[in-house]
Amino acid sequence: MVNPAKNPADDAKPNNPNVPDVYAITGHFDRIVVLRFKFKANLLAGMEKMVAEQHIKNGVILSAVGSVRGYEVHAVSNRDFPSHDTYTKDPTQPADIVSMNGYVIDGHLHPHLTLATPTKVIAGHLEPGTEVFTFAIVTIGVLNDADMSRADDKTYR
C-alpha cells in the first residue's frame, strides 16, 4: 500500500531542496520466498498473510505467474497533487497473470499487477477483489537489511 499523505496539507507542499532527486538504497537478499496460491485464494490477503508469517520486513516482488477468476486494481488518474486513483474491477473476468512487481516496505505490500484477457491488458496496484483461478506463484526477494521506510512516501519530496 502506498503511504498516504499524513494530512491533506502535505499534498500542497513544494519540493524540499534538501531531498535529493534520486537516492540509492542498498541491501542484500537474505532469502527468496516463493508463494503458491490455490483455486479461489484471495491474492492480496494471501500475500499479506505470508509476509507476516515469513517475517518479511522489506523485500522486492520479483515475479508472478498464474491466473485469476476476477480482479480489482487501481491506477493513478491525474498528474498533480492531490493524487487520485481510478479503480478497475471485474469479479467475473478471468485473466492470466502476466507479471507482478513491487515492494514490501516495513511489512506493508506495494504490489503492481499486470493481467491479460483475450481482448485487453489490465494493470495497476493489486486490490482485495483479485481471486486466483488455476494457481498463482509469487516470488519475493527478502531484503531485511535495507531501509525502505521512505521509498514509497509521496510526501518525501
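**Figure 1. The buried residues of helix α2 and the strands they pack against.** In this predicted model, the buried residues of α2 pack against β1 (31–37), β2 (59–76), β4 (95–105), β5 (108–116), β6 (121–126) and β7 (131–142). Helices (H or I, at least four residues) and strands (E, at least two) are DSSP runs, numbered from the N terminus; contact means heavy atoms within 4.5 Å. Which residues of α2 (residues 43–53) are buried? They are L43, L44, G46, M47 and V51. These residues cover an arc of only 160° around the axis, so they sit on the same side of α2; the arc is that of the directions from the helix axis to the C-beta atoms. Look to the other side of α2 and you will find K49 and A52 exposed. Here buried means under 20% relative accessible area, exposed over 50%, and partly exposed in between (1.4 Å probe, protein chains only).

**Figure 2. K40, in the loop between β1 and α2.** With 47% relative accessibility, K40 counts as partly exposed. Its phi is near 70°, a positive value in a residue other than glycine. Although K40 and E131 are 91 residues apart in sequence, their C-alpha atoms are 5.4 Å apart in space. Setting aside neighbours within four places in sequence, K40 is in contact with R69, E131, V132 and F133.

**Figure 3. T134, in strand β7.** T134 is partly exposed, at a relative accessible area of 42%. What does T134 touch, leaving aside its neighbours within four places in sequence? Its contacts are F39 and S67. Between the C-alpha atoms of T134 and D96, which are 38 residues apart along the chain, the separation is 9.5 Å.

Figure 4. H55 lies in the loop between α2 and β2. H55 is not a glycine, yet it has a positive phi of about 55°, and it is exposed, with a relative accessible area of 64%. The peptide bond leading from F81 to P82 is cis, with omega near 0°. P118 belongs to the loop between β5 and β6 and is exposed, its relative accessible area being 83%.

**Figure 5. The whole chain, for orientation.** The chain has two helices and seven strands, and its pattern along the sequence is α-β-α-β-β-β-β-β-β. Its radius of gyration is 17 Å, close to the 15 Å that the globule rule gives for 157 residues, so the chain is as compact as a globular protein of that length. That radius is taken over C-alpha atoms, and the rule is 2.2 Å times the number of residues to the power 0.38. Along its principal axes the C-alpha trace spans about 50 × 35 × 20 Å. Buried residues account for 37% of the 157 residues. Of the contacts between residues at least 6 apart in sequence, 75% join residues at least 24 apart.

**Notes on the views.** Residues are numbered from 1 along each chain as its sequence is written, and side-chain values use heavy atoms, with hydrogens and water left out. As this is a predicted model, local features need pLDDT of at least 70 and side-chain atom pairs count only at pLDDT 80 or more, while totals for chains, interfaces and linings use all residues.
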